[in-house]
Amino acid sequence: MAIIFVLDRKVQSYMFYFNYKRKLFILLALFIFTTSCTSTNECGGSSISAQSDVTSKTIGILGGMGPHSSADFYLDVIEEYLKYENTRPSILLWNVPLNLEKEERFIENGEYKEYYLDKLIDGARHLKEGKADFVAIPCNTVHIFFDELEREVDIRFLSIIKETTKYLVKNDAKKILLLATSTTIKSKLYSTALEEAGIEVFIPDEEDQVKVDKSIVHLVNNQETINDKQAMDEIIDKFEAKGVAHLLLACTDLQIMLKQEDHQIKIYDTMKILVSATVKEAIRK
């Protein structure tokens, strides 16, 4: 049985089908609790198994940055989890309540860090109180607060930076274009980790980085246009022409706009990497 509160601005009969339509959800609940369906009466259809015992860990998601990518992350975790188990996972999601103007200035200039940190700590504490076993944060930029969160809240946090670095090393990515917010770029979260792992990192110039930030702000607020995608495609094309063969989407909202089928460059999506790591952690004994 799943308790879910959703608003879809384009209500379609297939709104929950994974990877077919963009999931334009605003999560209205502070928490989403999901447990397994165990009978045809509960689920409205046949179940895979009559087993009802759930032995995996409860996943905590610290989300809302932005809401659409958090909704995608939640649904993708369930889809990935069902590749290994015959029940849906137990999930708690805290949607961080952010002021939109402060959010934009944080993305572009790194302002309001104390405000962000307070909100994140509060959300992580709610997840801990809700009995989450660990926390995943489907937002790269706020990983600048990762160490503070670990100190302030006694719960395990998965690091999207560490998981992505391990994945890129495993896949032998030697040169990579990094697309992220200015706050992420300036923090050197990725450049330090990747360069230490022997990966050469390329970033857009100052003018193009402004375009990246604007596109991300638009994505977070569901206001992206074809001009945003064209600007991003042009940036990617510049680096492809220089022989850069790999692209890292180091902002989880970029996966909404940039798809592998539209580019020759190999795209690595940090959200998908975190989805896989989250599910592995949930089922790990």
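Predicted model: local features only at pLDDT ≥ 70, side-chain atom pairs only at ≥ 80, totals over all residues.

Mentor: Residues are numbered from 1 along each chain as its sequence is written, and side-chain values use heavy atoms, with hydrogens and water left out.

Trainee: How many helices and strands does the chain have?
Mentor: The chain has eleven helices and twelve strands; these are DSSP runs numbered from the N terminus, with helices being H or I of at least four residues and strands E of at least two.

Trainee: Why does Thr181 count as buried?
Mentor: Buried means under 20% relative accessible area, exposed over 50% and partly exposed in between, with a 1.4 Å probe and protein chains only. Thr181 has 1% relative accessibility and therefore counts as buried. Thr181 lies in the loop between S9 and helix H7 (182-187).

Trainee: What makes a polar contact with the side chain of Thr181?
Mentor: The side chain of Thr184 does, at 3.0 Å. A polar contact is a pair of N or O atoms within 3.5 Å; within protein, one must be able to donate a hydrogen and the other to accept it, and residues adjacent in sequence count only if both atoms are side-chain atoms.

Trainee: What is meant by a nonpolar core?
Mentor: The term denotes a set of buried Ala, Val, Leu, Ile, Met, Phe, Trp, Tyr and Cys residues joined through side-chain atoms within 4.5 Å. The largest such core has 36 residues, of which Phe73, Leu168, Ile176, Tyr190, Leu194 and Leu248 touch the most other members. H11 supplies the largest share of this core, seven residues. A second, separate core of 25 residues includes Phe106, Tyr115, Ala124 and Val135.

Trainee: Why are H3 and H4 called roughly perpendicular?
Mentor: The axes of helix H3 (residues 100-109) and helix H4 (residues 113-129) come within 10 Å and cross at roughly 115°. Axes are lines fitted to C-alpha atoms, for helices over the stretch in contact, and angles run from 0 to 180 degrees between N-to-C directions. Angles under 35 degrees count as roughly parallel, over 145 as roughly antiparallel, 65 to 115 as roughly perpendicular and the rest as oblique. H3 and H4 are therefore roughly perpendicular to each other.

Trainee: Which residues of H3 and H4 meet?
Mentor: Lys102, Glu103 and Phe106 in H3 meet Lys113, Tyr115 and Tyr116 in H4, where contact means heavy atoms within 4.5 Å.
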